[in-house]
Amino acid sequence: MRWKARREAARAVLEGSACIHPASVHDPVSVRIAEGLGFELGMFAGSVASLAVLGAPDLIVLTLTEFAEQALRINRAASRLPLVVDADHGYGNALNVMRTVEELEIAGVAAMSIEDTELPTPYGTTKPRLIALDEGVGKIRAALAARQDKGLSIFARTGAVSVTGLEDALLRAKAYCKTGADGLFLTGVTKRAELDAIAEVATIPIILGTLSPEITDKAYLASRGVRIALQGHLPFQAAIQALHATMKALRDGVQPKDVGGLPEPALAKAVTREADYAAWGKGYLGG
């Protein structure tokens, strides 16, 4: 299978003893940069997908088709880097979750998370709300049943710590671990006491979607069963600033030769695989 080695590599991270930070990627160029820098995993988040595909905020206006297509573009461009994706709420109920797993499995992802937040935000609400625990468990069970390749990792994600409190988070963590999910994805954890309590009940690897100053030490995280810890999505934000600065300089009259911040030719050639295309042209086009 085309994606087998990548899924095995992602599982090796989960089964290891260290905590790693994945690279936040959003397109073919960014994933090739991440790969060249030696990252163990790439992370494609729903919020970044909304920005990259639609130029829209993270309001669940992106469709499953758009998300899966971009994930496939990223995977096709990479040589070996496993891609973890945030599939939000699975784009609907448990049956929609099954379709989401099918599409993302075909798109080549190595791991994916399904969360228990009530999405899109219901009319008249201003704060995040969670779906009932039974429904959340049903979604994870449906996701596990839908995958054809058992190498694909399924994470149960919850933001209960910051939405409904630690007690509910512990109940949800215990229930999701019992589903057979491959990882427990947590957001909103900011204190060691919170992570310590969850680590006591978690029987599967932990993935953290937020890191506060109190829980940034990788050795500590690893000791609590955290195998993947996100660091936000700074690369895309930096790209926005770089694009703005370059366009503004040109608009303000700066000559192209004087514009700074441009990549070295070797980097540009690497991310476009120029050498590969040159070889293929010579071999197959007689050039």
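Predicted model: local features only at pLDDT ≥ 70, side-chain atom pairs only at ≥ 80, totals over all residues.
Residues are numbered from 1 along each chain as its sequence is written, and side-chain values use heavy atoms, with hydrogens and water left out.

**Aromatic rings**

I searched the whole structure for aromatic pairs and noted 3; rings of Phe, Tyr and Trp (its six-membered ring) pair if their centres lie within 6.5 Å, and planes under 30 degrees apart are stacked, over 60 edge-to-face and the rest tilted. F67 and Y91 make a tilted pair, 6.3 Å centre to centre with 40° between the planes. Because F67 belongs to helix α4 (residues 64-77) and Y91 to the loop between β3 (83-86) and α5 (94-106), this pair ties together parts that are 24 residues apart in sequence. I take helices (H or I, at least four residues) and strands (E, at least two) as DSSP runs numbered from the N terminus. F67 is buried at 0% relative accessibility, and Y91 is buried as well, at 17%. Y277 and W280 form an edge-to-face pair, 4.9 Å centre to centre and with 75° between the planes; they are 3 residues apart in helix α13 (residues 274-284), a separation of about one helical turn. I also recorded that ring pairs link F44, F67 and Y91 into a cluster.

**Charges over rings**

I count a charge as over a ring if NZ of Lys or CZ of Arg is within 6 Å of the ring centre and within 35 degrees of the ring normal. The charged end of R157 sits over the ring of F185, 4.7 Å from the centre of that ring, and R192 lies over the face of Y220 at 3.9 Å from the ring centre.

**Helix α2**

In helix α2 (residues 28-36), I found S30, V31, R32, A34 and E35 buried. The buried residues of α2 pack against β1 (23-24), α4 and α12 (265-271), where contact means heavy atoms within 4.5 Å. Just after α2, G38 has a positive phi of about 90°.

**Backbone in the loops**

Which peptide bond is cis, with omega near -15°? I found that this is the bond from L119 to P120, and P120 is placed in the loop between β4 (111-115) and α6. I60 is not a glycine, yet has a positive phi of about 60°; I60 lies in the loop between α3 (46-54) and α4 and is buried, with a relative accessible area of 16%. D88 is another residue other than glycine with a positive phi, near 50°; I placed D88 in the loop between β3 and α5, where D88 counts as buried at 7% relative accessibility.

Note on methods:
Buried < 20%, exposed > 50% of the residue type's maximum accessible area, 1.4 Å probe, protein only.
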